[in-house]
Amino acid sequence: MSDPIIRIENVSKVFGGVRAVDNVSLTIDQGEFFALVGPSGCGKTTLLRMLAGFETPTEGRIIVAGQDMANVAPNKRPINMVFQSYAVFPHMSVAENIGYGLRMENRPAKEIAARVDEALALVKLGGLGKRRPDELSGGQRQRVALARALVKRPQVLLLDEPLSALDAKLREAMQLELVHLQKTVGITFVIVTHDQAEALSMANRIAVMERGAVRQVAGPSVLYEAPNCRFVADFIGKINLFDGVAAQLSPGVVRVSVPRIGNIMLAGIASGPVGLAVRPEKISVSAEEPAGEGLIRLSGTVADIAYYGGYSNVFVNVGLEDPIMADFSNASRAMGAGVRFAAGDRLWCSWRVADTLLLSE
C-alpha cells in the first residue's frame with residue numbers, strides 16, 4: 001500500500017473563540033474520491049480551505065504528498081480547487097479561461113494550446129473553446145471550471161459544493177460525469193457537500209462532520225447500513241429513530257426496552273439510554289397482521305403518504321411521538337403484490353429484529 005496522499009493530523013481552526021474545526025485527523029489515499037459531508041456550519045468548508053491554503057490551522061498539521069503544508073502558499077501546493085461559484089472569467093473565451101493558470105506560469109504557447117485541447121476533450125467541451133461563458137449552460141460552465149483546475153495536472157483536486165448551482169436533473173447527470181472523470185484522470189478528488197445522497201453516489205469514502213468534529217469515516221454502504229451514532233444515522237438517508245433503555249444480559253447480547261414496541265434482544269454492548277433505528281425500506285406495510293418469527297409488529301393508522309414516482313413513503317401513527325415511515329414500492333403495487341393505502345386506513349408495520357440498528361449515543 002502506498003502512503004496516503006493527504007494526512008490531516010489533529011487539525012483545529014479557531015475563529016474568535018469558536019472552534020470551526022475541532023481536532024480532526026484523517027488520511028486520504030492516492031486516487032481516492034473522498035467526501036466531506038455535514039450540515040451547514042459543521043466545518044467541512046473550513047477544512048477544505050485549510051487543505052487549499054486559504055486558511056491556516058490554529059493547531060495540527062496538514063501533509064500533502066509527503067510535504068508539510070505549513071507556510072506553503074496556495075499556488076505552490078500540488079492542489080487545485082473548483083469553487084461553488086465556478087469563478088469563470090466572463091471576458092475570456094472558454095479556451096482562455098482554461099489556459100489562464102498555464103499562462104501565469106509562462107508556459108510556451110504551443111504547450112498551452114495542446115493542454116487546453118486535451119482538457120476540453122476530457123470534460124466533453126471539444127469545439128467550444130472560442131465561446132464566452134455567457135454562451136454556455138450552467139453545466140458547461142461547471143465543466144470549464146473543472147477543465148481549468150485539471151489542466152495544471154494537480155495531484156489533488158478540491159471541489160467545494162461544485163453542483164449546487166445546477167438543477168436536479170443536471171446535477172444527477174454531473175454526479176456520474178464527475179465519477180467517470182475522476183477515474184479517467186486518476187487523481188485524488190476531495191469534495192465538500194451538504195447533500196448526503198450526492199456523497200453516497202460518488203465517493204469511495206465519506207467523513208461525516210458535526211460541530212467541527214468528524215463523527216464517522218467509512219464507505220457509503222457502511223455509513224448507511226452501520227452508522228456509529230444517532231447523528232450519522234439521521235444525517236445519512238432517511239431513518240426511523242426510537243428511544244430505549246438497554247440492559248446488558250450477557251457478553252454481546254443486549255435487551256432494549258422501547259415504549260410501545262416492548263423488549264428487543266440485539267447483539268451489542270450497551271447499557272442505559274440508547275437509540276434504535278430502522279431504515280424505511282426495511283419496513284413492510286400490510287392490511288393484515290404479518291406472521292413469522294423474528295418480526296417486530298405494530299398496528300396503526302396512515303397519517304400521510306408522500307408519492308415519489310417509483311415509490312411512496314407511508315407515514316403510520318402507531319402511538320409513538322413520531323409516525324413510522326415505510327417505503328412502499330409502486331412497482332410492487334402495480335403488479336398486484338401490494339395494497340393501495342389512503343390516509344386514515346388501519347394497517348400493520350413490521351420489520352425484522354435483525355434489521356434494527358443499536359445506537360449507543
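Is Cys 42 buried or exposed, and what is its relative accessible area? In this predicted model, Cys 42 is buried, with a relative accessible area of 1%; buried denotes under 20% relative accessible area, exposed over 50% and partly exposed the range in between, for a 1.4 Å probe and protein chains only. Residues are numbered from 1 along each chain as its sequence is written, and side-chain values use heavy atoms, with hydrogens and water left out. Because the model is predicted, local features require pLDDT of at least 70 and side-chain atom pairs count only at pLDDT 80 or more, whereas totals for chains, interfaces and linings use all residues.

A disulfide is a covalent bond between the sulfur atoms of two cysteines. With the criterion of a pair of cysteine sulfur atoms within 2.5 Å, a search of the whole structure finds zero disulfides. The cysteine sulfur closest to that of Cys 42 belongs to Cys 229, at 13 Å, which is too far for a bond. Cys 229 is likewise buried, its relative accessible area being 1%.

Helix α4 (residues 138-150) packs with helix α5 (residues 168-185) at an angle of about 20°, the axes lying 12 Å apart. Helices are DSSP runs of H or I with at least four residues, strands are runs of E with at least two, and both are numbered from the N terminus. Axes are lines fitted to C-alpha atoms, for helices over the stretch in contact, and angles run from 0 to 180 degrees between N-to-C directions. The angle therefore makes α4 roughly parallel to α5 (under 35 degrees; over 145 is roughly antiparallel, 65 to 115 roughly perpendicular and the rest oblique). In the contact, defined by heavy atoms within 4.5 Å, α4 contributes Gly 139, Gln 142, Arg 143, Leu 146 and Leu 150, which meet Leu 170, Met 174, Glu 177, Leu 178, Leu 181 and Val 185 of α5. By class, this contact comprises seven nonpolar, two polar and two charged residues, where Ala, Val, Leu, Ile, Met, Phe, Trp, Tyr, Cys and Pro count as nonpolar, Asp, Glu, Lys and Arg as charged, and the others, Gly among them, as polar.

Backbone torsions were also examined. Most residues other than glycine have a negative phi. Ala 65, however, shows a positive phi near 55°. Ala 65 lies in the loop between β4 (59-64) and β5 (67-68) and is partly exposed, at 39% relative accessible area. Arg 260, also not a glycine, has a positive phi of about 75°. Arg 260 is placed in the loop between β12 (253-258) and β13 (262-267), and its relative accessibility of 41% counts as partly exposed.
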